[in-house]
Amino acid sequence: MRASVCSAAVVCRRTRGPTDGRRRRAHRIPAGGGKHAAGGRNQRQLSTESSGHLDRSGEQATEKQPDICSGAAGSRMASITEYYAGKSVLITGATGFMGKVLVEKLLWSCPNVKALYILVRPKAGQSMEQRVSDMMKCKLFDRVREANPDFHKKIIPISSELTQPGLSISPEDVEKLSACINIVFHCAATIRFDEPLKHALQLNVIATQELLSLAQRMHHLEAFIHISTAYANCNRKHIDEVIYPPPVEPKKLIESLEWMDDGMVQDITPRLIGDRPNTYTYTKALAEYVVQQEQDKLNIGIIRPSIVGASWQEPFPGWIDNFNGPSGVFIAAGKGILRTMRANNDAVADLIPVDVVVNLTLAVGWYTAVHRPKTTLVYNCTSGGINPFHWGEIEHHVISSFKRNPLEQAFRRPNANITSNYLINQYWILVSHKFPALIYDLFLRLCGQKPQMMRIFNRLHKAIGLLEYFSSQDWEWNSDNISMLMSQLTPEDRTMFNFDVRQLNWPEYIENYCIGTKKYVLNEDMSDIPAARQHLRKLRNIRYTFNTLLVVFIWRVFIARSQMARNIWYFVVSLCFKFLSYFRASSTLTN
Ligand SMILES: CCCCCCCC/C=C\CCCCCCCC(=O)SCCNC(=O)CCNC(=O)[C@H](O)C(C)(C)COP(=O)(O)OP(=O)(O)OC[C@H]1O[C@@H](n2cnc3c(N)ncnc32)[C@H](O)[C@@H]1OP(=O)(O)O
Ligand SMILES: NC(=O)C1=CN([C@@H]2O[C@H](COP(=O)(O)OP(=O)(O)OC[C@H]3O[C@@H](n4cnc5c(N)ncnc54)[C@H](OP(=O)(O)O)[C@@H]3O)[C@@H](O)[C@H]2O)C=CC1
């Protein structure tokens, strides 16, 4: 949907009259001038036809609502970088995987952003300050640190435990945030698939409600961006960029669960989540509805990433810092622990690099604030419909990548088979997982050490059991809003905030992803690769020796002791001999 004519009477009109509060809060980019409109790059043009989502009423823009474009030929919209200049941004989940990349990208590409307020809780014996200081030392921030050693001054941590009433933000901090925040990015969530329903509801739904209430007190708020998941509606095969009716009215569920003890909630959880696989997808679906309920009062955008993986390009290829989603599976395969998994070779593996999600998030923040779509826009941030890659291909590239760049101290040589057949998978679990684990544990016991392999495999089976739902089927996501947004960006913004996955080269991406798990998740040194290769060669020799011993053993037990087995063996050998003679004779005749 291409934009064509820039007209104030088009872009700034609103069909739906916003509430007074929203009008007051609405803050638009000054027309054709000011700090956001400086420079003479790219003319951005919009039109009534540009998107069905843009406001199209006949209402004239008033002085209270300054235009996002001048309406005169030659004026231009602020670029994304210009838009964020001078803005105060609130980010939840900034210490998480995606949150950290979002903070880094904002500091890198929008260096004039005024301040990043991040909600952080103390955790694992570390104070909020200590956690933030550790986070900023992380390699992820290298390029930002190099460009501006004082970058930490822009990051303002606010103490907050999202599961507590009022998000446990102090009254002073509430005042501070209400007075200055321009954009909210809500990334925090529990992404565990086995989270008890009460806790998942508390964090993913109730905390979102609390944050929305806080947002409504922010006098200068321009956009509220909520990070959901493409699997919030995984009970559907085709997923549009709309908010589907919730499985249950969130308010009623919250009230009901309040009086139930944990045991009762656990009992009714399967009935409640119905055809969704876990409490995560269920509560994320409820959260979308809760967010949408506020669309009359706030400018809202919802982003639904699919399976978020390592970075593609920024800040450097292969950044990953956790075991979630496929990362843990890749590592387990690289270590030679995972040899089989239930997955459909031909199903689309809808991975999306974290930097793509973050670039889209910043672009959505800009679009939502500047264009103020009349309803909440949902962005399905997926790759499968645009640049499909399948689980079978992933398996092939992961294994070959780990053979080229092996992990240290692998248990066995990387070699995994994925299958959608339950029985075949069970067979391989027995032969390739449980049997070697038993032998290894026996070996450890004989050496006087504590057995551990069976325990590791039990945990692995639990983890992959939770992922199989997603790797055994595929979904179709509509991504019209992504295309629409892309068409609204200047060529420079399209490069700087690139979310066009058509350019993604999957084999190269998977290679960098695997190297990233080695370097940043396992903290292994690349200089150890020759030693790791040597270790793999040792494992291969052990396997050859083991197989030879096994054959000799079988020979001794079954063949040498049974007349019938001996007869079969001689028959097979003579058959092979006859075949060989036949081929030799026929090749002599041909010559
Ligand atoms: C050859 C390759 C072939 C490939 C074939 C197909 C692969 C398909 C793979 C995937 C596709 C689908 C993916 C769908 C995604 C949907 C998208 C989203 O919207 S959400 C985001 C996703 N969220 C999750 O991934 C949460 C999943 N994780 C959990 O629910 C839990 O962590 C769970 C149940 C797996 C484990 O729970 P616990 O309580 O047993 O363990 P805990 O506390 O989490 O971790 C303990 C320690 O183990 C490590 N760990 C956790 N998971 C690990 C793993 N998979 N492998 C190794 N270590 C792991 C942790 O880092 C931690 O280490 P320390 O104690 O801190 O040092
Ligand atoms: N990773 C993925 O594959 C996908 C993720 N998403 C969505 O993206 C968003 C970010 O995910 P991701 O970065 O991977 O998740 P992470 O688990 O890495 O990060 C979660 C963040 O939420 C914070 N948080 C959790 N509980 C609390 C709490 N009680 N109080 C304060 N903060 C809390 C965490 O803080 P702390 O460090 O203190 O624990 C952390 O910063 C989520 O909304 C998720 O649903 C969507 C699709 C896929």
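Reader: Which residue forms a salt bridge with Asp194?
Author: Happy to start there, with the note that this is a predicted model, where local features need pLDDT of at least 70, side-chain atom pairs count only at pLDDT 80 or more, and totals for chains, interfaces and linings use all residues. Residues are numbered from 1 along each chain as its sequence is written, chains are lettered from A and ligands numbered from 1 in the order in which they are written, and side-chain values use heavy atoms, with hydrogens and water left out. A salt bridge here is a side-chain nitrogen of Lys or Arg within 4 Å of a carboxyl oxygen of Asp or Glu. With closest N and O atoms 3.4 Å apart, the partner of Asp194 is Lys462.

Reader: How many residues apart in sequence are the parts that this pair ties together?
Author: Helices (H or I, at least four residues) and strands (E, at least two) are DSSP runs, numbered from the N terminus. Asp194 sits in the loop between strand E4 (183-186) and helix H8 (197-216), while Lys462 belongs to helix H16 (residues 453-471), so the separation of the parts tied together is 268 residues.

Reader: Is Asp194 buried or exposed, or partly exposed?
Author: Buried means under 20% relative accessible area, exposed over 50%, and partly exposed in between (1.4 Å probe, protein chains only). Asp194 has a relative accessible area of 32%, so the label is partly exposed.

Reader: Which residue meets Glu511 in a salt bridge?
Author: Side chains of opposite charge can pair when their charged atoms come close. For Glu511 the N to O distance is 2.4 Å, and the partner is Arg404. The pair links distant parts of the chain, 107 residues apart: Glu511 in helix H19 (residues 506-521) and, in helix H14 (residues 391-404), Arg404.

Reader: What is the relative accessible area of Asp500, which forms a salt bridge with Arg502?
Author: The closest N and O atoms of Asp500 and Arg502 are 2.8 Å apart. Arg502 counts as exposed at 56% relative accessibility. Asp500 is buried, with a value of 11%.

Reader: Which backbone oxygen does the side chain of Lys518 reach?
Author: Lys518 is placed in helix H19 and counts as buried, because its relative accessibility is 0%. Contact means heavy atoms within 4.5 Å, and beyond neighbours within four places in sequence Lys518 has contacts including Asn405, Leu407 and Met526. At 2.9 Å, the side chain reaches the backbone oxygen of Pro406.

Reader: Which side chain has an N or O atom 2.5 Å from an oxygen atom of ligand 2?
Author: A residue is near a molecule if one of its heavy atoms lies within 4 Å of it, and 26 residues surround ligand 2. Lys123 has a side-chain N or O atom 2.8 Å from a ligand oxygen, and a polar side-chain atom of Tyr280 lies 2.6 Å from one. At 2.5 Å, the side chain is that of Arg131.

Reader: Over which residues is the pLDDT below 50?
Author: pLDDT is the predictor's confidence in each residue, from 0 to 100. The protein chain averages 87, and 86% of the residues score at least 70. The stretch with pLDDT below 50 has 184 contacts in the model beyond near neighbours in sequence, and covers residues 1-74.

Key:
A polar contact is a pair of N or O atoms within 3.5 Å; within protein, one must be able to donate a hydrogen and the other to accept it, and residues adjacent in sequence count only if both atoms are side-chain atoms.
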